[in-house]
Amino acid sequence: LPLRVAPPLFMTELIFAQPSTTFLPHYALLRWLTPGAILPVHLQVMLAVGYGGLAAIKRRWKLEWGPFLLLYLLFEFSGYPAAHLGVGHTTLWAGHQMLPWFLYLVTAWSEEGPSLRRALLMALTIAGISLTGMFHACLWCSLLVGLMGLRRGEAFRDALVALLAAWGLLC
């Protein structure tokens, strides 16, 4: 694990100095690609992850193509993330593509009740959101999981497992 990065990429050479520093598996391609060439690859990978989450929501809620298209357009082209992605802030704002998976897991948890499998998937999603550089969204998702665990007594154990596993993956 390199604890330092090249100064032209970031404002500091210490990797843990910025919570929005990305650390994703497809960044291993930096060995063969330049930093400028990895950003479109990163964006395409994250767009595929986001579309997969939206497709899972479509299946879960049994959406027709019209409402799904509206959901897709609202999610992909909402102003703030789209503006940031449009000017090249792909390292941080591509992370919002993980949020459909979090929404899918939260709605499944609230409708069907808690389960250990869902808690572990939620931990992976929260850790993935943080690893994409959206540290603030990771905190918000963690807060929501914690509040859901406090609200429903039977969900407390699974919320605790999800939070400990997510933050354990990040440490």
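Student: What makes the largest nonpolar core, and which residues have the most contacts inside it?

Tutor: In this predicted model, the largest nonpolar core has 29 residues. Those with the most contacts inside it are Phe 102, Trp 109, Met 122, Ile 126, Ile 129 and Val 145. H1, H5, helix H6 (116–131), helix H7 (135–151) and helix H8 (156–170) each give two or more residues to this core.

Student: What is Ile 126 in contact with, leaving aside neighbours within four places in sequence?

Tutor: Ile 126 is in contact with Phe 102, Cys 138, Cys 141, Ser 142, Val 145 and Ala 166.

Student: Why are H6 and H7 called roughly antiparallel?

Tutor: Their axes cross at roughly 155° and come within 7 Å. Angles over 145 degrees count as roughly antiparallel, so H6 and H7 are roughly antiparallel to each other.

Student: Which residues make that contact?

Tutor: H6 gives Met 122, Ile 126, Ile 129 and Ser 130, while H7 gives Phe 135, Ala 137, Cys 138, Cys 141, Ser 142 and Val 145. By class, eight are nonpolar, two polar and none charged.

Student: Why is H1 described as roughly parallel to H5?

Tutor: Helix H1 (residues 35–61) and helix H5 (residues 99–112) pack at an angle of about 25°, with their axes 8 Å apart. Angles under 35 degrees count as roughly parallel, and H1 is therefore roughly parallel to H5. The contact includes Gly 50, Gly 53 and Arg 60 of H1 and Trp 101, Tyr 104 and Glu 111 of H5. It has 10 nonpolar, four polar and three charged residues.

Student: What is the handedness of the H1 and H5 crossing?

Tutor: The crossing of H1 and H5 is left-handed.

Terms used. Residues numbered from 1 in each chain as written. Predicted model: local features only at pLDDT ≥ 70, side-chain atom pairs only at ≥ 80, totals over all residues. Heavy atoms only, no water. Axes fitted to C-alpha atoms, helices over the stretch in contact; angles between N-to-C directions. Helix = DSSP H or I, 4+ residues; strand = E, 2+ residues; numbered from the N terminus. Parallel < 35°, antiparallel > 145°, perpendicular 65-115°, else oblique. Left-handed = near helix turned anticlockwise from the far one by under 90°. Contact = heavy atoms within 4.5 Å. Nonpolar A, V, L, I, M, F, W, Y, C, P; charged D, E, K, R; others polar. Core = buried A, V, L, I, M, F, W, Y, C linked by side-chain atoms within 4.5 Å. Buried < 20%, exposed > 50% of the residue type's maximum accessible area, 1.4 Å probe, protein only.
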